[in-house]
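I opened my notebook today to look at how the ligands sit in this structure. Here is what I am working from.

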Amino acid sequence: MTHCLDSAGLVQVPGQATVAVVGMPNTGKSTLFTQLTSAHAHIGNWPGLTVDLMQAELTLEGRSVQLVDLPGIYDLRGHSEDEAVVRRFLESTPVDLVVIILNASQIDRQLRLALQVQQLGLPALVLLNMADEARRFGVGIDLEALSGRLKLPVLLISAKYRQGLGQARHAITKALLAAASGPATSVQDLEANLAAADADLDAAMASILQAAVTFPAQWRDALTRRLDRWLLHPLLGLPIFFVVMALMFQAIYALGVPLQEALGALIDGFSLHVLTPALASWPPFLRAFVVDGLVLGIGTVSAFLPVIFLFFLAMGVVEDSGYLSRAAFLMDAFMERLGLDGRSFVLSLMGFGCNVPAILGTRVMRSSGLRLLSMLIIPFSLCSARLNVFLFMASVFFTPRQGALVIFGLYLLSFAAAIFTALLFKGRFASEEALVLELPPYRLPTVPQVLRRAWAEVRHFWFWARRFIVFGVVSIWLLNNLPFGVAPASAQSLSGQLGELLQPLLAPIGINPRLTVALVFGFIAKEIVLGGLAVIYGQTASSGGLGHALASEVSWVQAVSFMLFTLLYTPCLSTVAVIRTESKRLGFTVFSVLWSLILAWLVSFCFYQAAWLFGWR
Amino acid sequence: MVSALEVAPGLRHRLEALGIKPGQQVRVLRRGWWSGPIHLRVGMTELMLRRVDAAHVVVLEGDGSRVHP
Ligand SMILES: Nc1nc2c(ncn2[C@@H]2O[C@H](COP(=O)(O)OP(=O)(O)OP(=O)(O)O)[C@@H](O)[C@H]2O)c(=O)[nH]1
Ligand SMILES: [Mg+2]
C-alpha cells in the first residue's frame, strides 16, 4: 500500500524502522524505491521529478520497515520548495537509516552530499547507482577504499537493471541492526551543523576521490554527443523537436482512434442487444437511468482507455529518454522573453498528460514570481481528460481527416493561450531566477518501466473517471427529473432552469442550455462532460447513441465553440485545489480561475460571432 | 578554469553541487540560438546555464585572460 503524503508528515508505524532515500535529483531514487517495494513512484530522466514524500512498506528478511522516497536535493542547505521538503523531513522525523543514493558516474560532484549527511551524524549507507553507466563511461571506483574513507558501507548497484538489489537489501538489514542500539533521531541545527563543516568539505572530497576513484581521460558518451549534435543543433534543433512531437501525436491518433471506435461500437452493441432486453422488465425510468445514464456515460469514456494508454506510453518514452531537458535547453531563449524559463516549458509539456503533477513540479523553482506565472499557464495544457471530449466531438462532427486537423488546432491554441497569458502578465510576476539545469545522458527506456507507467495512468484515469461519472450522471439525472412531474430535461426541470439562467451569458457563444449543464459539471472534472452529455441527450434520444442526438441538435460551429471553451476554462477542481495549496494564495487562485473563464469566453465569442458573420451555421 | 563565483549564496550552493567551483575546468559545448543558454561540461556532468548567470562565473583562459559568455 502506498501513501502519498503532503510534506507535513509521515505515517510512522510503531515498531517499524523508517528508512529514508536521500540523493541528488535524477540519481534513481524513485527507481530503487519502486524496485524494492511494490509501490509505484513516478520515474523519469528529468531532475526534479519527485517533489513530495512517498512511503511504502519494505520487507527485509522477515522484518518490515517503512521506506520513504524523497525529492532530490542538490545541497542540504538548498532553498527551493522541493529541497525544503527534504530538510523539513530530516529535521522533524526520526529516521533509523538514511540510504544515500549517488550516481556512480558523477561521483566527482555527488560525493559532497554523502559527506554532508555524514556530517549530520545520521546512520547511513551509500548506494552507488547506475553502475552500468559508470562502467560505460570509464569511471573506476575502489569500493573498499571509498568505504574505508567514508566509514560507511558502500555498494555498487544498478537499480534500473535490477543489479545488486539483493546485496543492497542485505546491507540495509545489517545497517539497521547496527543502528538499532541508539534510538532513531531527527536532525537538530541542520544549518549550523553544515555551515561549520563547509570549509573543509572540498578538501575532504578531493582527497577521497584521489584515493578511491579513477576518471577517464576523455568523455566517452559517444551516443549522447552524437545525438546532441543534431537534437541541440542551433537551427535544426527546434524544428526536429516539433516534428518529433507532431509525429508522436499522429501515431497516437492513427492507432488510437480506430481502437476507440471499435471499442465504442462494441460497448454500444452490448448495451443495445444485451442490456436493454435484459432490463426490459424494469420500470422505464430506472431502465433509462441505468442504460442511458450510467452505461452510456461509462461506456463512452471507457472507449478512450486505449488512447490514454498509448498517450502515456509515448509520454513515458519521452520522459525517460532525457529529451525533456533538451527541450528545456531549446526553448529557454523563447521562454525567457515570456518571463518564464525552459523548465516552465517542460512542465507545460507534462501538463498535456495531467495538469496536477505539472503544477506540483513547479516546486523546483525558487522565485515565487516564476512559480506563479508557470502555474498560471500550465492549466492551458490540453490534458488527457480534455482530449477525450475533443476526440469524441471531432468524430461526431467531422470526417477523420478534418477531425485530426481540429484536434491539432486545439493543441496549437493551447500553446497560444499559454504564450498570450504569459506575455500579458509577465510584468506582474517578475523573476530573476537563475537557470542551471543538468542535461543527463540519453537513456533507453526499458519496456517494463514504460508499460508499468502507462498502465498506472490508465488505472488512475479509470478509477477517477468512474467515480466522477457516477457522481455526475446521478446529479445530472436528478437535475433533469426534478422537480417531480416535469418532462425530463425540459425547460421546467432544474437543469433546464440552470441552462436558461446562464443563457444571456452563453447564448452569444453558441452554447445551448443543455451544453451549459455539461460545462457546469465539467468544472468539477472533464471526465464528467461526456458522461453528462450522455445523460442529457440520452434521455431524449430514442436510439443511435449520443453522437446522433448531439449532431441533430448542435451545429458544427457550436460544437467547435464548445470545444474552445472546454479547452480554455478551468480544467478541474483538483487543479484549482493544487494551485491553492501550492501558491498558498487565495487571491491568486481566484484570479487564475477567473482569467481562464474570461479567456475561454472571449475566444469562443470571437470564433462564434466570426463564424456567424461568414454565414457558417 | 573557473576562478571565482560572484553570485548569491543560494545560487553558489547550486553551482557547487553541480560541480562548478573555483579550480574546476569547464568546457563550453555549444551556445543556444537567440542568445539562449550555454551547454557546459564540468567533470562528468553536462549542464546548461543562462548567459546572464554565466556572466557571474569568472572563467580564465589558459593564458589568464577572462572568458566572456
Ligand atoms: N542507466 C541507468 N539508468 C538508471 C538507473 N536507475 C535509474 N535510472 C534512470 O535514471 C532516471 C532517473 O530516475 P528516477 O528514479 O526518476 O530518479 P530520482 O532520483 O527519483 O529523481 P528525482 O525524483 O528527480 O529526484 C530515469 O530515467 C531512470 O530510468 C540505473 O541503474 N542505470
Ligand atoms: Mg524521484
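Which helices of chain A each supply at least two residues of the shell around ligand 1? I looked this up and found helix 1 (29–36) and helix 4 (131–137). A reminder to myself: this is a predicted model.

Entry on the shell. I find 26 residues surrounding ligand 1. The closest are K29(A), S30(A), T31(A), G48(A) and T50(A). Helix 1 of chain A gives the most to this shell, with three residues.

From the backbone, an N or O atom of G28(A) lies 3.0 Å from a ligand oxygen, and one of G48(A) lies 2.7 Å from a ligand oxygen. From a side chain, an N or O atom of T50(A) is 2.7 Å from an oxygen atom of ligand 1. I also looked up the cover: on its own, ligand 1 has 660 Å² of accessible area, and the protein covers 99% of that.

Entry on the metal. Which residues coordinate the magnesium ion (ligand 2)? I found S30(A), through OG, and T50(A), through OG1, at 1.9 to 2.0 Å. S30(A) lies in helix 1 of chain A and T50(A) in the loop between helix 1 and strand 3 (54–60), so the pair ties together parts that are 20 residues apart in sequence.

Note on methods. Residues numbered from 1 in each chain as written. Chains lettered and ligands numbered in written order. Predicted model: local features only at pLDDT ≥ 70, side-chain atom pairs only at ≥ 80, totals over all residues. Heavy atoms only, no water. Near = heavy atom within 4 Å. Polar contact = N/O pair within 3.5 Å; in protein donor to acceptor, adjacent residues only side chain to side chain. Areas by Shrake-Rupley, 256 points an atom, 1.4 Å probe, with all protein chains shown as cover. Helix = DSSP H or I, 4+ residues; strand = E, 2+ residues; numbered from the N terminus. Donors = N, O, S within 2.8 Å, 3.2 Å for Na, K, Ca; no water.
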